[in-house]
Amino acid sequence: MKDLSERLESPNRISSSLPSRDAVSAAAKTDYSRVAGIYEILARAYSGRGIQRSRTALFSVIRPGDRVLFVGVGTGSDAQDALERGATLTLLDRSAAMLNRCRSRLAASAPRRTPVNLQFAHENILEHRPGKKYDVIVANYFLNVFHPDLVPTVLTHLVALLAPGGRLLIADFAPPRGNCIQQFFQRVYYAAPLITFWTATRNAWHGLYDYAPMLEQAGLRISQRTAIPIATFGPLWFESICACRLDDPSP
Ligand SMILES: C[S@@+](CC[C@H](N)C(=O)[O-])C[C@H]1O[C@@H](n2cnc3c(N)ncnc32)[C@H](O)[C@@H]1O
């Protein structure tokens with residue numbers, strides 16, 4: 001498999017703007033295998049069921065027969081829901097340990113459907129070149145892995161993988177909201193995973209993202225955006241986004 005930096009420097013790369021060398025080399029070092037065994041425990045302890053609810057909040061856009069790509073699927077705690085909606089899934093992750101956890105989880109819950117509806121891809125997303133495009137791409141807690149310089153490259157690649165009328169679903173940390181005191185506490189709350197994953201997985205170091213301008217720059221518009229609370233009644237510090245192409249006529 002080509003190294004990420006090699007891919008980005010190749011003449012037929014998809015993004016028109018070059019990410020910085022620092023961003024590229026940092027992304028090539030990110031490794032979630034180190035936390036695969038405790039990732040879901042941490043997510044649950046940190047958010048109550050907030051993270052899990054945000055992952056599937058807009059899955060009603062997934063229809064039976066849809067081709068759905070999960071990028072950076074991790075342990076796949078959201079994939080079962082899409083499978084139950086009758087979709088055909090490609091579950092992609094660069095970490096073999098994460099993908100193995102995902103495989104075991106789904107094998108335990110849907111053994112009969114495994115050969116027909118599921119495909120696993122142990123791959124860097126920027127290397128992924130499917131034969132057919134996808135109706136839905138799910139990027140849950142994925143884009144925040146990347147340095148801000150690299151997010152446009154990744155988004156442009158995802159847009160290129162979307163079929164006409166396709167949807168990009170994102171669950172992630174919400175951008176700063178409320179007055180300056182509320183924003184201060186929101187940033188403190190975000191600092192815990194930032195420091196943890198920067199240390200343990202070499203995740204990129206950056207502030208809270210607002211995906212709206214990034215999506216627009218990549219040729220997408222937001223059709224639905226839902227704020228999700230920590231636990232049940234906590235502050236609305238997670239969000240779910242559904243985006244479609246700017247030229248898509250549907251609401
Ligand atoms: C923060 S975790 C998110 C996991 C899961 N989607 C969730 O909702 O929690 C990011 C995942 O993206 C994977 N990943 C990071 N960089 C990647 C890349 N360039 N291509 C594919 N997967 C990548 C990591 O291995 C990890 O499993």
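This is a predicted model: local features need pLDDT of at least 70, side-chain atom pairs count only at pLDDT 80 or more; totals for chains, interfaces and linings use all residues.
Local features were kept only at pLDDT of at least 70 and side-chain atom pairs at pLDDT 80 or more, while totals for chains, interfaces and linings use all residues. Residues are numbered from 1 along each chain as its sequence is written.

Seven strands make up an open sheet with mixed pairing, in the order S3-S2-S1-S4-S5-S7-S6. Strands here are DSSP E runs of at least two residues and helices are H or I runs of at least four, numbered from the N terminus; two strands pair if DSSP finds at least two bridges between them. Strand S3 (118-122) and strand S6 (220-228) sit at the edges, each pairing on one side only. S6 runs antiparallel to strand S7 (residues 238-245) over eight bridges, and Arg 225 stands opposite Ile 241 in S7.

Helix H3 (residues 39-47) buries Tyr 39, Ala 43 and Ser 47 (buried: 20 or more other C-beta atoms within 10 Å of the residue's own; exposed: 12 or fewer; partly exposed: in between; C-beta atoms placed from the backbone). Seen down the H3 axis, these buried residues fall within an arc of 35 degrees, so they line one face of the helix (the arc is that of the directions from the helix axis to the C-beta atoms). An α-helix has 3.6 residues a turn, so residues three or four places apart point the same way. Exposed Ile 41 and Ala 45 are on the face of H3 turned away from the buried side. After H3 comes Gly 48, with a positive phi near 65 degrees.

As for the ligand, 17 residues surround it, the closest being Tyr 32, Gly 72, Gly 74, Ser 95 and Asn 140 (near means a C-beta atom, placed from the backbone, within 6 Å).
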